[in-house]
Amino acid sequence: MMKKRLTNKLLLTYFLVVILPICVVYGFFVVVLLTRTFQSETEKYRYELDMAVNDLETELKKLENIADSILQNGYIKEFLRYQYNTDWEPMYDYMSNVQHQIHSYINYNQNIDTIKFYSDNMRLNPGGYFLNFDMLPVVKTKIYNGFWILDDENKLHYFLGKLDETYKNIDYAVEVITESEVIINFQKILKLNDKTEVCLIDKEEQILYGKLPVEIKKEEMNTYTGFGFIRSGKYCFIKADIKTLNMIVVLYADSVDMAYESLLLLLFDGALLFLVLFILLIAYLQYSLRFAKRLVSFTSYIRSMPDEEYEPYSSDEGEDEIGELVSVFNALVLRTNNLVNMVQKKEILRRKAELDAYQSKIEPHFLYGTLESLRMLALNKDDMEVSDGILDLAKLMRYSLTSSQISTLRSELNQVRRYLNLQKIRLADRLNWEIVVQDEDLLNQQCPQFLLQPIVENSINHGIEKVRRGGSIVISVWKEGDIIVISVADSGAGIDQEQMNMIRKLLKESSSMNNLMQKENEDKGYALYNICMRMKLYYGKDSTLELKNNDPVGTVCTLRLSAMINEIIQD
């Protein structure tokens, strides 16, 4: 069952890590290739369409210039405006001057098929080239700035009118009719291959040439200005405005035909890719089954191990990750067996220590009883100094032997008072001391046992006793915000600067504490280090212990404690 689950997970991993990323990359490759194919084909069609439109508009501009030149011709202008009295006079002038001018314009440009004129002069009709405005096929007002139309024979007609002297009415007009080859050649240029089709549409959305597929709407043509590339269903089309003709030319092709070669390449690459993936899947399955078999065998051995004693896995470890796992497991088994033996030995030692501790409880009770007997003997002899000293010593010992690690600042200061009282008996006038507490509520603050006595002991042993005149110790307690400050100042011998720097360094650098702890009886900084570590354990890392020389002589040790003791230690 586990082997099946593992194999399924390996297959899922193969799908997520190998097949899915490759399919995503392949899909992205397909999109990019098709996009670039469409872009490439579009750019090619767009270039050809641009060149063809520019050539056509250039030719049409030439024809417009010819039409304007005709209207500016003096012979033709005079012929059209002169009011003849007889019918033979315009015929004579036409044969003498005008006919030659018209044929010269037609011969000048091979794309001109015929030139016609329109006016209101009723006597002009030689050769059938001069017509009345009533026969004008377009609206008369449109031809002042020039107007093009395309007839059913694919011939272009350009109309251009000339205003009279009032500049309000058209006096006469010319019509230049092109050969049908102008449009036919334009269409042949755009017929790049069998995949492309050409269509001409005017601004009224009337198809003048060709036809559009039903998937392409005529309305879409006029929504674009200039050159545009549009995808509509299965077709791609490019359109451009022929501004001179006020028309739109559309070049379109089937999308599949445009990307046919790319699609063949994608199909071939896809088939090759999935074939490679299938071969890799077979190889991966063989490897994963062998991998799962070794792992299942190893886990079965672990499940069948007895609880009493562990034995190393004896199968071939190999050099891969499973082999490394088996090697680490065997090392763990050996270490576990060693630790079990150690625990058993420690349990024996612990029980022996409990027995010794139970036996040692008899000794403090005997000592307390003896001290109380001596105190009563001193009272019977009215020796109060000895009696008080014995009482302080008994309380000092009882406080030292309590199992609790947490006390209050009140109890700690009382312990210091007893210690100083005993030292006072020994040093007499050489020792003076004072305890100053700013606020009595601070005495209820919890603190670890023996937080202050080691500092006071250092002040006496290394400060007061080294000075013949003796000295004084002042213990001050006050509060700064949420911080409780305790200062122990003495007027003893003080500490030289070199030793002061060494102790400060030891308090800051934990790397040198191991050596310090090994020489705790020799190094005077160990007690301060021990207090500093206990402060950080109970009050957090923000608590500090500062040491400096007193002014003018002696040493000042300052403790800064947070008001809330560590809850974990408290519990």
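In strand S4 (residues 156–163), Leu156 is the bridge partner of Leu150. The two strands concerned, S3 and S4, pair in the antiparallel sense over four bridges; strands are said to pair if DSSP finds at least two bridges between them. Helices (H or I, at least four residues) and strands (E, at least two) are DSSP runs, numbered from the N terminus. The model is predicted: local features need pLDDT of at least 70, side-chain atom pairs count only at pLDDT 80 or more, and totals for chains, interfaces and linings use all residues. Residues are numbered from 1 along each chain as its sequence is written, and side-chain values use heavy atoms, with hydrogens and water left out.

S3 and S4 belong to an open sheet of five strands with mixed pairing, ordered S2-S1-S5-S4-S3. Strand S2 (130–132) and strand S3 (147–150) are at the edges with a single partner strand each, so one side of each is left without a neighbour in the sheet. From one strand to the next, the twist averages 25°; angles run from 0 to 180 degrees between N-to-C directions, and axes are lines fitted to C-alpha atoms, for helices over the stretch in contact. Strands of a sheet pair through backbone hydrogen bonds, either parallel or antiparallel.

Helix H2 lies across strand S1 (112–119), S2, S4 and strand S5 (170–178), and runs at about 125° to S5. Contact here means heavy atoms within 4.5 Å. Helix H2 (residues 74–81) also packs against helix H3 (residues 88–108), at an angle of about 140° and with the axes 9 Å apart. That angle makes H2 oblique to H3, because angles under 35 degrees count as roughly parallel, over 145 as roughly antiparallel, 65 to 115 as roughly perpendicular and the rest as oblique. The crossing of H2 and H3 is left-handed; a crossing is left-handed if the near helix is turned anticlockwise from the far one by less than a right angle, and right-handed if clockwise. From H2, Tyr75, Ile76 and Phe79 meet residues of H3 that include Pro90, Tyr94, Val98 and Tyr105. The contact of H2 with H3 has eight nonpolar, two polar and one charged residues. In this classification, Ala, Val, Leu, Ile, Met, Phe, Trp, Tyr, Cys and Pro count as nonpolar, Asp, Glu, Lys and Arg as charged, and the others, Gly among them, as polar.

A further open sheet has five strands in the order S12-S14-S15-S17-S16, also with mixed pairing. Its edge strands, S12 (431–437) and S16 (544–549), each pair on one side only. Neighbouring strands of this sheet are turned by 10° against each other on average, direction ignored. Within the sheet, S14 (residues 471–480) and S15 (residues 483–490) pair in the antiparallel sense over eight bridges, and Val474 stands opposite Ala489 in S15.

Two helices contact this sheet. Helix H11 (residues 409–427) lies across S12, S14 and S15 and runs at about 165° to S12. Helix H12 (residues 453–464) touches S12, S14, S15 and strand S17 (555–562), and its direction makes about 150° with that of S14. The axes of H11 and H12 come within 9 Å and cross at roughly 25°, which makes H11 roughly parallel to H12. Their crossing is right-handed. Residues of H11, among them Val416, Tyr419 and Leu420, meet residues of H12 that include Val456, Ile460 and Ile464. The contact of H11 with H12 comprises seven nonpolar, three polar and three charged residues.

The count of salt bridges comes to six, a salt bridge being a side-chain nitrogen of Lys or Arg within 4 Å of a carboxyl oxygen of Asp or Glu. One joins Glu64 and Lys61, with the closest N and O atoms 3.4 Å apart. Glu64 and Lys61 are separated by about one helical turn, because they are three residues apart in helix H1 (residues 2–72).

Two backbone features are found in loops. Most residues other than glycine have a negative phi, and most peptide bonds are trans. Asn246, in the loop between strand S9 (235–242) and strand S10 (247–254), has a positive phi of about 60° although it is not a glycine. The peptide bond from Asp551 to Pro552 is cis, with omega near 10°, and Pro552 is placed in the loop between S16 and S17.
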